Amino acid sequence: MSGQMQSQSVDVVVIGAGPAGAHAAGSMALAGLDVALVDRKAKGKAGAQWLNGVAPWMLDEAGVPRPASTNNRDTGPIFSMAAPGADRRVRIVDNPVLDMNMIELGTELADAFEACSSAYSFWEHDLVDAQMVDGRMTSVVLRNRNDHTLTQLKAQLFVDCSGMSAVLRKANPWLEQKCKPPRPEHICVAAQACYKIRDLEGAREFLGEHRIESGEVIGWVGVEGGFSILRPELDLVHKNFSILTGSIAKSGFRSGKQILDDFVADLTWLGECEIYGHRAIPLRRPYAHQVAPGLALLGDAGSHIFSSHGSGIGISLIAARILSDAVGTAYASGSDIGTLESLWAYPKKFHREYGGVLGFADAMRRFSQSLTPDETRMMFEEGILTVGMARGGLGQFKPELELSDAKEQLRGLMKTRPLAAKLVKVLGRLPAIYALAARFPGRPAQSRITVSAWDYAMSRLVDSVSVE
């Protein structure tokens with residue numbers, strides 16, 4: 001590095017200004033800490049730039065005001081799930097998920113952060129160096145993307161919310177060794193686009209062909225391997241068409257982007273494309289090791305993903321709230337906010353309260369990924385996938401099962417015994433996964449040994465579910 005470098009000291013530096021990073025930064029700034037929020041992109045361009053399905057309860061739990069465009073609704077449009085070749089569908093009338101504009105959400109959270117007197121924004125800045133002293137992160141160096149000036153930020157705590165790139169996590173040798181990046185068979189490539197409708201008659205023919213209503217979401221699963229989706233939604237009232245796709249980034253499968261592009265190529269009634277984006281999503285349970293001296297992981301950097309449908313926005317916002325509460329408590333007591341003792345309330349609460357549902361979601365993702373096209377079809381035709389299971393998967397909570405559904409599901413399982421054996425083997429792990437998550441180590445003393453043992457036990461329950 002060359003040239004003159006300015007230096008600034010703050011309490012916390014957050015790298016990555018997507019919704020989770022902006023929310024964490026804003027919450028800590030509100031608690032009175034001096035917080036620097038850094039992103040390589042301009043304001044309004046950080047994080048996801050498309051619509052994302054988020055359960056409203058998660059915003060409430062995270063303490064995030066609902067975006068104005070949601071009109072304070074609790075349920076989204078009717079959601080129907082189907083599989084190629086299956087006549088039967090799973091129809092969720094009380095869909096617990098709303099499609100939210102991530103540009104709107106991210107901008108509102110960034111604005112809330114910048115309204116704090118102790119907030120410092122570093123938009124369009126690259127991280128070029130991270131320094132550690134005796135195993136603790138102590139400072140980072142940023143380069144302004146416009147004038148190339150350098151800034152050194154010193155802090156007691158650094159938060160890595162930089163996504164899959166995990167720039168701070170990778171700068172910590174110990175965390176980098178413990179938090180292995182996912183292999184290609186555990187990475188989903190998703191894509192999303194929103195279009196205006198040019199020809200309403202063609203749009204009506206599309207609805208009739210696929211047996212859906214205007215405003216109803218249809219999700220075809222298993223279109224490109226067991227874990228894949230093609231999810232269009234057509235709204236005649238507002239003349240909008242949106243589509244979400246995703247599949248595993250593995251040789252022989254079309255990516256989410258390819259699925260999307262192929263599907264819309266034949267839709268001649270579509271007009272202007274207003275939103276288009278695609279990204280890679282890591283699919284795994286959360287890392288057991290979420291903190292190190294002077295460093296906390298958040299979002300994709302900590303693998304905060306509801307793996308069964310690849311969404312991380314809601315759970316990352318909740319994690320941001322848990323982290324900021326832990327840091328705010330330590331700060332109010334006059335403690336060094338970067339020590340393991342100060343940070344430990346964060347992974348403890350996160351894993352104990354949400355590790356069970358996230359771990360089981362990853363086990364179910366692995367199960368779905370292993371399904372053949374015929375097995376995916378049978379999940380629908382034989383009533384094995386129930387409305388309660390599908391609704392729990394959408395809303396990111398423990399699956400529900402009505403007695404009437406259970407009877408039909410049992411009959412379906414009896415007719416498909418090899419598939420039943422695979423499913424029951426995974427479902428049988430649910431109690432153990434939840435119980436183990438609730439026993440995450442309560443103290444940081446000797447945590448590197450204790451958490452590693454806990455991680456090994458969780459891997460035996462979750463990671464051992466085959467994806468083949």
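Contact here means heavy atoms within 4.5 Å. This is a predicted model, in which local features need pLDDT of at least 70 and side-chain atom pairs count only at pLDDT 80 or more, while totals for chains, interfaces and linings use all residues. Residues are numbered from 1 along each chain as its sequence is written, and side-chain values use heavy atoms, with hydrogens and water left out.

**Surroundings of Thr-151**

- Leaving aside residues up to four places away in sequence, Thr-151 touches Met-5, Gln-6, Phe-122, Val-140, Val-141 and Leu-142.
- Thr-151 belongs to strand 11, which covers residues 150-154 (strands are DSSP runs of E with at least two residues, helices runs of H or I with at least four, both numbered from the N terminus).
- Because its relative accessibility is 2%, Thr-151 counts as buried, a term for under 20% relative accessible area with a 1.4 Å probe and protein chains only.
- The side chains of Thr-151 and Gln-6 are joined by a polar contact of 3.0 Å, that is, a pair of N or O atoms within 3.5 Å, of which, within protein, one must be able to donate a hydrogen and the other to accept it, and residues adjacent in sequence count only if both atoms are side-chain atoms.

**The chain as a whole**

- The chain contains 16 helices and 19 strands.
- Of the 468 residues in the chain, 56% are buried.
- Among contacts in the chain with a separation of 6 or more, 70% come from residues 24 or more positions apart.
- Along the principal axes, the C-alpha atoms of the chain fill a box of roughly 65 × 50 × 40 Å.

Notes. Buried means under 20% relative accessible area, exposed over 50%, partly exposed in between (1.4 Å probe, protein chains only).
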